[in-house]
Amino acid sequence: LVLNPGDSKTGLTGTLNDGSTVTFDIQSLPSSFVPYTALPTAAPGFSYFGTSAYTGIIGNVTLHTPLLPAYASPSVVVLSNIVVKDPNGNPVPNYTVVAADAESTNSFPQYTENWTWITNGTSWNLFTTIGGNPPALAGVGTQTAVITGLNQGLAASYLMTTQNPTNLSFSSIGREAVSIGFAVTKVQVCKNIGNRINSA
């Protein structure tokens, strides 16, 4: 999958491990400076995500922007009309989206790498941090999270969660990558009725 500025795809569908399905549209905004390309997780030295933790993920599971000498403006990819259904085709009312910073977010003399993640679901929650040297993080507890590079060393990877979004926006400056996952929670209810004794 390659999304050049202005490109869009509709009705994309993925299947979760339990058989649930996720359907969504995806678009790279026309104002985007560079394209997004679906690629595997980064190689060691470029990201803690997929190398130090959450290893062995197969397939083109990240959206990458290319490495350039400079970046004039952000590149924005939008997921919209997100629908999650169970294996029987029924809508799932409660699901979680996990977004991972999958390429080290740094600061260079030419530019500072940056992410802005926007959800129309619940506020962003910091799920975990992988590795050391964390970049600046703002907006936890709100619907807009911002990650900003601080130096040139390998930076920590943030994993953030939001619940039940139907639209997500990811805006980046620099060579960046994001990996997006979906989780569905199943609740099982067991009813146990004990013996009833009627006394006469």
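In the predicted model of the protein, the mean positions of the 6 positive and 8 negative charges lie 20 Å apart. Lys and Arg were counted as positive and Asp and Glu as negative, with His and the chain ends not counted; each charge was placed at NZ of Lys, CZ of Arg, CG of Asp or CD of Glu. The model is a predicted one, in which local features need pLDDT of at least 70 and side-chain atom pairs count only at pLDDT 80 or more, whereas totals for chains, interfaces and linings use all residues. Residues are numbered from 1 along each chain as its sequence is written, and side-chain values use heavy atoms, with hydrogens and water left out.

The secondary structure consists of 14 strands and zero helices, where helices (H or I, at least four residues) and strands (E, at least two) are DSSP runs numbered from the N terminus. Along the principal axes, the C-alpha atoms occupy a box of roughly 90 × 35 × 30 Å. Of the 200 residues, 38% are buried (under 20% relative accessible area, 1.4 Å probe, protein chains only). Among contacts (heavy atoms within 4.5 Å) with a separation of 6 or more, 75% join residues 24 or more positions apart.

Threonine 96 lies in strand E7, which spans residues 95-101. Threonine 96 counts as buried because its relative accessibility is 17%. With neighbours within four places in sequence left aside, threonine 96 contacts Thr161, Thr162 and Gln163, together with Gly181, Phe182 and Ala183.

Technical notes: Buried means under 20% relative accessible area, exposed over 50%, partly exposed in between (1.4 Å probe, protein chains only).
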